Amino acid sequence: MPPENSQNLLELVDVHKSYGSVEVLHGVSLALGEGDILGLIGENGAGKSTLMKCLNGMEQVSGGRIIYLGSPFHATTVADAVKGGIITIPQEFNLVKDLKVYENIFLGNELRGCLGLLDVAAMRTRSKELLDELGAAVDVDSLVEDLSVAARQMVEVAKALSYSAKLLIMDEPTTVLNHDEVQVLFGVIRRLKANGTSVIFISHKLREVLEICDKVAVLRDGELVSFSGIEGLDEAELARRMVGRSPSQMFTEKRLPAADAEVALEVSHLSVEGLLKDISFSIRRGEILGFAGLVGSGRTELAETIYGVRRANTGCIRLFGKEVKLDSPRKALDSGIAYLPEDRQGTGILTNFSVASNVTLSSLKRYCQPLISPESEIKAAQGYVEAFHIKTPGTETLLCDLSGGNQQKVAIAKGLDCKPSVFIFDEPTRGIDIKAKSEVYAFINSLLKQGLACMLISSDLEEVIGLCSRIAVMREGALAGELAGDDISEEAIMYLASGVHWHTSH
Amino acid sequence: MRKFKTSSFFIEYAPYMALALLLVICCISSSGFRKPQNLLNITRQVSYSGIIALGMTFVIIGGGIDLSVGSLLALSGTLGIMTMLRIENPMTGLLVAAVVAFAVGFGGGAVNGLLVNLGKVPPFIATLGTMSIFRSLTLQLTNAGTLSTSNAAYGNLGGALLCRIPLPTLTLFVLTALGSVLLYKTRFGRHVCALGSNERVARYAAINTPLVSFWTYALTGLLTGLSGFLLGGRLCSISSTTAGLGYELDAIAAAIIGGTSMSGGRGSLAGTLVGVLILGIISNVLVMWGVSANLQDAVKGIVIVAAVLMQPRKKISN
């Protein structure tokens, strides 16, 4: 670490941020020296992305000061921040797939030669240098589309370096990388540090934060609950600071299905070419089966196949013992299978439709006599608003005016309004705050009590472990194993999910 | 409709206020304009492209576009008259010709719908192609000439007045009302809005999106066939070169002026009717004012661009 008296690169003093009347950051203060690597952790909705946006020019703070390189920082656009040397690598990469690597690296910052024409040779050479510096074997002429995720990450880093970054903000850079790729990335980060570049490393993976960072800042519900050096900290302590209490309090006693409960959903030898390999499992009424696994392990694809969005090549699905042919979402819903997609705004809800129209979107037939009766729609929506505590001015409010958590409740109501007997939840609590989260857990439990069979796909291990008495773990499109009862642990799941023992592989 | 409330009262009712303002200005400034007969003439003149614009509104709300309607109108009108020429009995000829014109329109729309949804051809390209094909077929059928019929029943129908209102005008107004019911009160209408709003969400909500999209094109084709049949009846003839020329642009412009979002998801048929009337009134009053015919399209263009500038748009930043 740099000596204490060295001037800070970045200093946040009592930073507040409000959206309208809602304050989401309540006075965050921290400081970062040259070459520091700061881990920024916190649960979804804790304010990490908001804080990041205040730094990269997408948002302006509503109170407090940001001091960067010794003077007040006033970036009003991303371009301003970039000019000042603050570069962000977003979680969803910001690369143009149809362009070549070097074209991406210099996108918006093209080198020009005589007559203002593009100096392709110089850009290619410089790109090569940058990638070499990173130790990345990426061909500067290949299309980004053809690159692996890890290689794309390297291109993003090279792009950041081309701006001579002083502060690099990385949002969840390792979620899509495997263990070896993470180590390569860490090597790059250490080299950047040696050159005096500071890094803010936002991550959910506490182990990685402990490995790479010098300092760690923990956000909880928009407040900075701790900011300290990494020495003496361990995972358990970080987790405790993040959640503010022991994780188990979020979850109620697990419900086990009645011993004689009938099998609701039975999937046998389901295969989809290139995606799913010979998957078999069954869920009984009142039971919830968790699906854990890494990103890309085929969990969403499995859900989409059962829901009829994708066609299975082989295998069969039985509902209450009867074989069903599900080749469209309509058939799945009519047979009693509802699905809450993981990408809420992309596949779950219509943001420019009202609460009522969203709730009845899949079950509209019931509200036609034969013309749509708005009164019955509103009445139904009102019922869900009350039952789920959906915070909305009314049932005619457009969904874009609701918060993520409330949008998610509407999405669940949409599925429930089809009166399913099987409900598939895909990342039901992604991007929603703690309160909404525990409410979603309560819904799921009440559905189980009513005898629904549920599938819970989640990358949040705590959530799967907290809710499910049985957990199926997927790896590369196949079931790697199933855990139940006392065999369930984070280590056991990670072992099945990755095929490597985490503690021995370091 | 209240489903698509925009933040500002002004924006939602802008087309209606614009129409009212336009009417007042035109009535005051031109004595020729305010004659009831002239006003009725305007509604008749716009009814042909107006009927098509109703279908176009569904296509645009569903996230598509149809450039082929002008050519399809000529083709269906032409085939209607060709049928009439082969049948001696005027009434039989009229009925069979109507069925043929409707069927050709529906078939043409269905071809568009299949290309877009089965062939996955982008709507702009698919209908650009059929636009050329339909027009070219019409030219070939008539040897690039004008086709006329002496069927008296057709002429009577084309000039028919109900309570002194021309038949095409009445058709336009009745269809606007029926279309509004279809858009706001049926599953099909709701599904069209969902499709244009976000196709993936609609698909995951168990809506058969290709089928919904197909029907928007087929519906537009059917209305185009009807419009072609009515247009032919006006003078008992149809010109293969000029019939329906530019109607696709008038129909699209009317929908946009009426507040339908070019990116899909929301719109209104009453708004489209207002758009149709605004365009018709402008063309008419420019003649009354003695403005050069060459400049009329410029004024129309300004109105279209202004309408879009005033529409609420998605913010670029998130």
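Let's start in helix α1 of chain B, which spans residues 9–29. Both B:Y13 and B:Y16 sit in this helix, three residues apart, or about one turn. Keep in mind as you look around that this is a predicted model.

Now turn to the aromatic rings, of which the structure holds 14 pairs over all chains. One of these pairs brings together A:Y339 and B:Y204, with 6.2 Å from centre to centre and 35° between the planes, a tilted arrangement. Which elements do these two tyrosines come from? A:Y339 belongs to strand β16 of chain A (residues 337–340), while B:Y204 belongs to helix α9 of chain B (residues 199–204), so this pair joins two chains.

Are the two partners buried or exposed? A residue counts as buried when its relative accessible area is under 20%. A:Y339 has 7% relative accessibility and is therefore buried. B:Y204 is buried as well, with a relative accessible area of 4%.

Back in helix α1 of chain B, the rings of B:Y13 and B:Y16 have centres 6.1 Å apart, and because their planes meet at 50°, the pair is tilted.

Terms used:
Residues numbered from 1 in each chain as written. Chains lettered and ligands numbered in written order. Predicted model: local features only at pLDDT ≥ 70, side-chain atom pairs only at ≥ 80, totals over all residues. Heavy atoms only, no water. Phe/Tyr/Trp six-rings, centres within 6.5 Å; stacked < 30°, edge-to-face > 60°. Helix = DSSP H or I, 4+ residues; strand = E, 2+ residues; numbered from the N terminus. Buried < 20%, exposed > 50% of the residue type's maximum accessible area, 1.4 Å probe, protein only.
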